[in-house]
Amino acid sequence: MARLISIAQRAGAPGISSTQLLSALDQYADILAGMSDAAGLGMITPMHRELALRAARFGVVYKSCGAGGGDLGIAVAESAGELQSFMGEVREIGGFPLESRTSGGVRLESSAAGALQQAARPPAH
């Protein structure tokens, strides 16, 4: 759990580059998958595993989301072309991509960083 918190803190750090953010998201997804496997939870379905493998071929980071068992996933990349190529793969294996765009990129505001740091602190005993 400490590794997940550390990655989340790095991802929320002011001035993080898009490359660093994608790397943190990829590491976070890998650790969650490992935890699920170790505990036998099955949080990452075979379809999500396949999507993650295909995403990596295009430089896209894919992470399953939801309450476990794979309600949906997110795909994040530095370029629209990478995402477009990956969406073709999603359709090829029977997935249904939903597009969402940001305007002007993603901005981390100080209140969000403070909330992330607060959430990452261990509970007081």
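## Helix pairs and a few residues

Tutor: Let's start with a contact: Arg3, Leu4, Ile7, Arg10 and Ala11 of H1 meet Leu21, Ala24, Gln27, Tyr28, Ile31, Leu32 and Met35 of H2. Contact here means heavy atoms within 4.5 Å. Bear in mind that this is a predicted model, where local features need pLDDT of at least 70, side-chain atom pairs count only at pLDDT 80 or more, and totals for chains, interfaces and linings use all residues. Residues are numbered from 1 along each chain as its sequence is written, and side-chain values use heavy atoms, with hydrogens and water left out.

Student: What makes a stretch a helix or a strand here, and how many of each does the chain have?

Tutor: Both are DSSP runs numbered from the N terminus: helices are H or I with at least four residues, strands are E with at least two. By that rule the chain has 5 helices and 2 strands. Along the sequence they follow the pattern α-α-α-β-β-α-α.

Student: Why is H1 called roughly antiparallel to H2?

Tutor: The axes of H1 (residues 2–11) and H2 (residues 18–39) come within 9 Å and cross at roughly 160°. Those axes are lines fitted to C-alpha atoms, for helices over the stretch in contact, with angles running from 0 to 180 degrees between N-to-C directions. Under 35 degrees is roughly parallel, over 145 roughly antiparallel, 65 to 115 roughly perpendicular, and the rest oblique. The crossing angle therefore makes H1 roughly antiparallel to H2.

Student: And how about H3 and H4: what is their crossing angle?

Tutor: H3 and H4 (residues 80–92) cross at roughly 150°, with axes within 9 Å. That is why H3, too, is roughly antiparallel to H4.

Student: Which hand does each crossing have?

Tutor: H3 and H4 cross right-handed, while the H1 and H2 crossing is left-handed. Left-handed means the near helix is turned anticlockwise from the far one by less than a right angle, and right-handed means clockwise.

Student: Which residues make the contact between H3 and H4?

Tutor: Leu51, Arg54, Ala55 and Arg57 come from H3, and Phe86, Glu89, Val90 and Glu92 from H4. That contact splits into 4 nonpolar, no polar and 4 charged residues.

Student: Why does Val90 count as buried?

Tutor: Buried means under 20% relative accessible area, exposed means over 50%, and partly exposed is in between (1.4 Å probe, protein chains only). Val90 has 9% relative accessibility, so it counts as buried. Leaving out residues up to four places away in sequence, Val90 touches Leu51, Gly95, Phe96 and Pro97. Its C-alpha is 8.4 Å from that of Arg54, a residue 36 places away in sequence.

Student: What puts Arg10 in the partly exposed class?

Tutor: Its relative accessibility is 41%, so Arg10 counts as partly exposed. Arg10 lies in H1 and touches Ile16 and Gln27, again not counting residues up to four places away.

Student: And how do you know that Met35 and Glu99 are partly exposed?

Tutor: Met35, in H2, has 36% relative accessibility, which makes it partly exposed. Glu99 has a relative accessible area of 48%, so that one is partly exposed as well. Glu99 sits in the loop between H4 and H5 and touches Gln84 and Met87, not counting residues up to four places away in sequence.

Student: How much of the chain is buried?

Tutor: Buried residues make up 24% of the 125 residues.

Student: Where is confidence lowest, and where is it highest?

Tutor: Here pLDDT is the predictor's confidence in each residue, from 0 to 100. The lowest mean is 52, in H5 (residues 110–120), and the highest is 93, in H3 (residues 46–57). The chain averages 82, and 78% of the residues score at least 70. Where pLDDT is low, the predicted coordinates should not be read in detail.

Technical notes
Ala, Val, Leu, Ile, Met, Phe, Trp, Tyr, Cys and Pro count as nonpolar, Asp, Glu, Lys and Arg as charged, and the others, Gly among them, as polar.
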